Amino acid sequence: MTTNYYKVLEILYDNNVVIDGEQVSIMTQVNIAEKMNLTTVTVNSIFKELKEDGLIRQSKKLVRFYCLSEEAVSIVKKMKKVWSM
């Protein structure tokens with residue numbers, strides 16, 4: 001997993017809220033591209049791979065938002081723990 005892939009997961013994780021009983025990230029691909037100073041094409045490509053790897057999925061109720069898998073949450077928590085040492 002490259003740094004940009006992890007950073008996208010971390011941004012999604014850090015911006016999670018519960019809407020209609022579903023935990024979703026309120027960051028869009030455009031928001032993430034701006035925050036990371038990347039093109040939306042690059043972020044779209046990262047999202048595609050993260051979806052293929054089963055780390056994120058599109059919300060079933062709120063189509064423009066994404067949800068992290070348990071594995072993605074675990075990855076982010078472990079990395080945050082390592083970096084805080």
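Biologist: New one for me. How much accessible surface does the protein have, and what share of it belongs to carbon and sulfur atoms?
Modeller: The accessible surface is about 5400 Å², and carbon and sulfur atoms account for 51% of it. Keep in mind that this is a predicted model.

Biologist: Noted. What share of the residues count as buried?
Modeller: Out of 85 residues, 36% count as buried.

Biologist: And what's the secondary structure made of?
Modeller: There are four helices and four strands. Going along the sequence, the pattern reads α-β-β-α-α-β-β-α. The radius of gyration is 12 Å, close to the 12 Å the globule rule gives for 85 residues, so the protein is as compact as a globular protein of that length.

Biologist: What size of box do the C-alpha atoms fill?
Modeller: Roughly 35 × 30 × 20 Å, taken along the principal axes.

Biologist: Ok, contacts. Of those between residues at least 6 apart in sequence, how many join residues at least 24 apart?
Modeller: That comes to 54% of them.

Biologist: Is Glu-10 buried or exposed?
Modeller: Buried: its relative accessible area is 18%, and the cut-off for buried is under 20%. Leaving aside residues up to four places away in sequence, Glu-10 touches Val-76, Lys-80 and Trp-83.

Biologist: Switching to the strands. How do S1 and S2 pair?
Modeller: In the antiparallel sense, over four bridges. For instance, Val-17 has Val-24 in S2 as its bridge partner. The two strands form a hairpin with two residues between them.

Biologist: Which residue in that turn has a positive phi?
Modeller: Asp-20, at about 50 degrees, although Asp-20 is not a glycine. It sits in the loop that links S1 (16–19) to S2 (22–25).

Biologist: Buried or exposed, that Asp-20?
Modeller: Exposed, with a relative accessible area of 57%.

Biologist: Helices now. Which residues of H2 are buried?
Modeller: Gln-29, Ile-32, Ala-33 and Met-36 are buried in H2. Looking down the axis of H2, the buried residues fall within an arc of 100 degrees, so they line one face of the helix.

Biologist: What covers those buried residues of H2?
Modeller: The cover includes H1, H3 and S4. The face of H2 turned away from the buried side carries the exposed residues Glu-34 and Lys-35.

Biologist: And what comes just after H2?
Modeller: Asn-37, with a positive phi of about 60 degrees. Asn-37 is in the loop between H2 (29–36) and H3 (40–52). At 72% relative accessibility, Asn-37 counts as exposed.

Biologist: On to H3, then. How many residues does H3 have, and how far does H3 reach?
Modeller: H3 has 13 residues and reaches 18 Å from its first C-alpha to its last, close to the 18 Å expected at 1.5 Å a residue.

Biologist: Which residues of H3 are buried?
Modeller: Val-43, Ile-46, Phe-47 and Leu-50. They cover an arc of only 100 degrees around the axis, which puts them on the same side of H3.

Biologist: What do the buried residues of H3 pack against?
Modeller: They pack against helix H1 (3–14), H2, strand S3 (56–58) and strand S4 (66–68).

Biologist: And which residues are exposed on the other side of H3?
Modeller: Val-41 and Glu-52 are exposed there.

Biologist: Last one: which residue takes a positive phi just after H3?
Modeller: Gly-54, at about 75 degrees.

Note on methods. Residues are numbered from 1 along each chain as its sequence is written. This is a predicted model: local features need pLDDT of at least 70, side-chain atom pairs count only at pLDDT 80 or more; totals for chains, interfaces and linings use all residues. Side-chain values use heavy atoms; hydrogens and water are left out. Buried means under 20% relative accessible area, exposed over 50%, partly exposed in between (1.4 Å probe, protein chains only). Two strands pair if DSSP finds at least two bridges between them. The expected span of a helix is 1.5 Å times one less than its number of residues. The arc is that of the directions from the helix axis to the C-beta atoms. Contact means heavy atoms within 4.5 Å. The radius of gyration is taken over C-alpha atoms; the globule rule is 2.2 Å times the number of residues to the power 0.38. Accessible areas come from the Shrake-Rupley method with a 1.4 Å probe; for residues, only the protein chains shown count as cover.
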